[in-house]
Amino acid sequence: MNKIAFIGAGNMNRAIIAGLVNNDVEPSNITVSNPSAPKREALANEYGINQTSSNSQAAEHADIVVLGVKPHLITTVCQEIAEVIEIEHKCFISVAAGTTMTQIQAALGENKSVIRAMPNTPSQLGLGVTGAFASEQVTDEQRVAADRLMKATGIVKWLAQESDIDHIIAVSGSGPAYFFLFMEAMASEAERLGFTSAEARTLVQQTALGAAQMVVENDIAIGQLRENVTSKGGTTQAALNAFTEGGLPELVSGAMQAAIARAKEMAAK
Ligand SMILES: NC(=O)C1=CN([C@@H]2O[C@H](COP(=O)(O)OP(=O)(O)OC[C@H]3O[C@@H](n4cnc5c(N)ncnc54)[C@H](OP(=O)(O)O)[C@@H]3O)[C@@H](O)[C@H]2O)C=CC1
Ligand SMILES: O=C(O)[C@@H]1CCC=N1
């Protein structure tokens, strides 16, 4: 069984750890590091994993090191680990947006095995999407181990080129937030219509869940499912017309392009 170190006890690493433990990965094989205690201790207590304030200590006995700090800290953390311990045979998985393979490998030292992965927070439920791009130094064995790790949190899409990571960010990495924003807007309006906050949430979450499940279970175009709700000249048609006139499709496209542009901008810093 591989030993896995998680550097950073924040939202994304928490989601992956939850996905792994809930999918029967042995907690004693997982260590989380974070210099400050509160989130690290909460995570360790909740999932029964090991914890330390030292990144290099966490990485020392790990086969796979998941780098889950903010993008601007990734290279600092890599340098810190590479200076203190032997990393020759370890596989590093960076989940950071906007930190390139070149930047990560330069920080770790030459010819190190690095995978850039772009997961999303539904990983905590085993419903995640992870895009992954491997450096040429990643061995078949490391790739299989990383694939197994990521698959414990949902589906995995291996990418042929690094630039596709930015595209995965725009679709599934940031994607959950788009749906949350939409659900927030619907719930707010439901409250204005007189439903309590709890009622509004229940109505919206069940509608979103039902719609997503219908997409999963029906092998027909999403547009067809939309049309099946839309009676000619009816209420849905009126609502959809308002979305189209408000430019929703263009807005979604522009928002996803903005995510890609931001990832490139972060990488250029
Ligand atoms: N959130 C998401 O949906 C997704 C995030 N990502 C990527 O995941 C990474 C983390 O994002 P996210 O989890 O949201 O961020 P968070 O801020 O929630 O987590 C970052 C964690 O890193 C800790 N940290 C800070 N400095 C260090 C250090 N020197 N060594 C170890 N840990 C440290 C922070 O601790 P403290 O708060 O105590 O300072 C915090 O717990 C980012 O690079 C992001 O691009 C990728 C896909 C999706
Ligand atoms: O917002 C971000 O930059 C990160 C990457 C994808 C989701 N969260």
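What covers the buried residues of helix H2?

Modeller: Residues are numbered from 1 along each chain as its sequence is written, while chains are lettered from A and ligands numbered from 1 in the order in which they are written. The model is predicted: local features need pLDDT of at least 70 and side-chain atom pairs count only at pLDDT 80 or more, whereas totals for chains, interfaces and linings use all residues.

The cover over the buried residues of H2 includes H1, strand S2 (30-33) and strand S3 (50-52). Helices here are DSSP runs of H or I with at least four residues, strands are runs of E with at least two, and both are numbered from the N terminus. H2 itself spans residues 37-47, and its buried residues are Arg 40, Leu 43 and Ala 44. Seen down the axis of H2, these residues fall within an arc of 95°, so they line one face of the helix; the arc is that of the directions from the helix axis to the C-beta atoms. The face turned away from this buried side carries the exposed residues Pro 38, Asn 45 and Glu 46. A residue is called buried if 20 or more other C-beta atoms lie within 10 Å of its own, exposed if 12 or fewer do, and partly exposed in between, with C-beta atoms placed from the backbone. Just after H2, Gly 48 takes a positive phi of about 70°.

Arg 40 counts as buried because it has 23 C-beta neighbours inside 10 Å. Neighbours within four places in sequence aside, Arg 40 is in contact with Ala 9, Val 32, Asn 34 and Gln 51. Contact here means that the C-beta atoms of two residues, placed from the backbone, lie within 7 Å. Between Arg 40 and Ala 9 there are 31 residues in sequence but 5.2 Å in space, C-alpha to C-alpha.

The ligand shells come next. Around ligand 1 there are 27 residues, and the closest are Gly 8, Gly 10, Met 12, Ser 36 and Ala 96. A residue is taken as near a molecule if its C-beta atom, placed from the backbone, lies within 6 Å of it. Ala, Val, Leu, Ile, Met, Phe, Trp, Tyr, Cys and Pro count as nonpolar, Asp, Glu, Lys and Arg as charged, and the others, Gly among them, as polar. Ligand 2 is surrounded by Ala 97, Ile 169, Gly 173 and Ser 174, with two nonpolar, two polar and no charged residues in its shell.

Strand pairing can then be followed through S4. Strand S1 (residues 4-7) pairs with S4 in the parallel sense over four bridges, and S4 (residues 64-67) pairs with S5 in the parallel sense, also over four bridges. Two strands pair if DSSP finds at least two bridges between them. Ile 64 in S4 is the bridge partner of Ile 4 and stands opposite Cys 91 in S5, while Val 66 stands opposite Ile 93 in S5. From S4, Ile 64 and Val 66 point one way and Val 65 and Leu 67 the other, and all are buried. S5 (residues 91-94) is likewise covered on both faces, with Cys 91 and Ile 93 buried on one side and Phe 92 and Ser 94 on the other.

Asp 24, in the loop between H1 and S2, has a positive phi of about 70° although it is not a glycine. Asp 24 counts as exposed because it has 8 C-beta neighbours inside 10 Å. Asn 111, in the loop between helix H5 (101-108) and strand S6 (113-118), has a positive phi near 60° and is again not a glycine.

The domain assignment, which is automatic or from a database, gives domain 1 (4-161) and domain 2 (175-268). Their centres, taken over C-alpha atoms, are 32 Å apart. Eight residues of domain 1 are in contact with five residues of domain 2.
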